[in-house]
Amino acid sequence: MEPVSDLKDLYQKEFDPESFYQTYFNLRSADCAKDSIFPTTLENLHNTFSSGEVKGDLLIDIGSGPSIHTIISACECFKEIIASDWTDTNRQAYESWLRNEPGALDWTPVISMVCELEGDRTKCAEKEKKIRATVKQVVKCDVTKNDPLNPVVLPPADCLVTSLCLEAACTDLNSYTQALRNITTLLKTGGHLVMIGVSGSTGYNVGTKLFPDLNLDEEFVKNTITGNGYAIKEMKINPIFRKGRSSALRFFFLLAQKTSN
């Protein structure tokens with residue numbers, strides 16, 4: 001496994017937001033349309049944020065990449081959302097969509113899927129406007145640091161969302177545990193953690209470029225979460241039916257509540 005500094009450099013130099021979008025999120029692509037992770041993830045996020053239990057003033061999306069998919073449902077439940085990512089190009093792509101610039105990544109089909117889950121696919125334009133109004137900042141984030149968002153200072157969040165971030169940013173199980181501790185400092189006691197991850201993975205493709213993944217198993221994830229002051233409220237584990245872009249065997253959706261510092 002590459003040292004952390006080399007891994008950060010790899011993402012900064014080689015990760016291409018357009019290729020990432022085309023590989024995993026372009027619903028006009030036959031491969032993406034048949035993906036087993038994506039529709040289930042959107043449904044899980046919809047169910048979580050429509051339940052009325054996960055809400056508040058501030059949500060921080062940890063490791064957003066260039067993607068808005070994790071906060072489409074959440075924008076109805078929080079006054080402010082902060083997106084974050086390590087890679088400059090990802091933050092630029094995210095901000096380009098927020099500004100509705102020509103050539104920005106097209107998230108309309110994904111937003112339409114969420115609107116359909118909410119019962120009205122025709123409200124896509126209204127939902128886009130809501131997201132753009134709710135996301136207040138896109139900031140740099142380094143989960144390997146004790147203060148991941150430094151120098152940005154935020155009040156303790158009511159919710160953290162992180163999708164496929166920690167296993168991509170960490171090189172071993174100890175650094176994964178520390179990264180979880182680091183992001184947990186951003187969350188208030190009683191707040192919620194929504195985590196989407198994969199197990200059994202050693203890497204994933206973005207276009208033709210292979211990026212490493214930390215090989216996790218679900219028991220380790222559960223023990224790490226509970227060992228760091230959380231109570232797990234829900235954990236769903238699903239097999240990955242369509243492979244080729246990632247070596248992952250399963251993906252999981254986890255909802256936990258911070259019970260102590």
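Biologist: How far apart do the centres of the positive and negative side chains lie in the protein chain?

Modeller: This is a predicted model, in which local features need pLDDT of at least 70, side-chain atom pairs count only at pLDDT 80 or more, and totals for chains, interfaces and linings use all residues. Residues are numbered from 1 along each chain as its sequence is written, and side-chain values use heavy atoms, without hydrogens and water. Lys and Arg count as positive and Asp and Glu as negative, leaving out His and the chain ends, and each charge is placed at NZ of Lys, CZ of Arg, CG of Asp or CD of Glu. With 28 positive and 34 negative side chains, the distance between the two centres is 3 Å.

Biologist: How many disulfides does the count give?

Modeller: A disulfide is a covalent bond between the sulfur atoms of two cysteines; here the criterion is a pair of cysteine sulfur atoms within 2.5 Å. The sulfur of C77 has its closest cysteine sulfur in C75, 7.9 Å away, which is too far for a bond. C170 is likewise in no disulfide, the nearest cysteine sulfur, that of C165, being 7.6 Å away. By this rule the count is 0.

Biologist: Is C170 buried or exposed?

Modeller: Buried means under 20% relative accessible area, exposed over 50%, and partly exposed in between, using a 1.4 Å probe and protein chains only. The relative accessible area of C170 is 1%, so this residue is buried.
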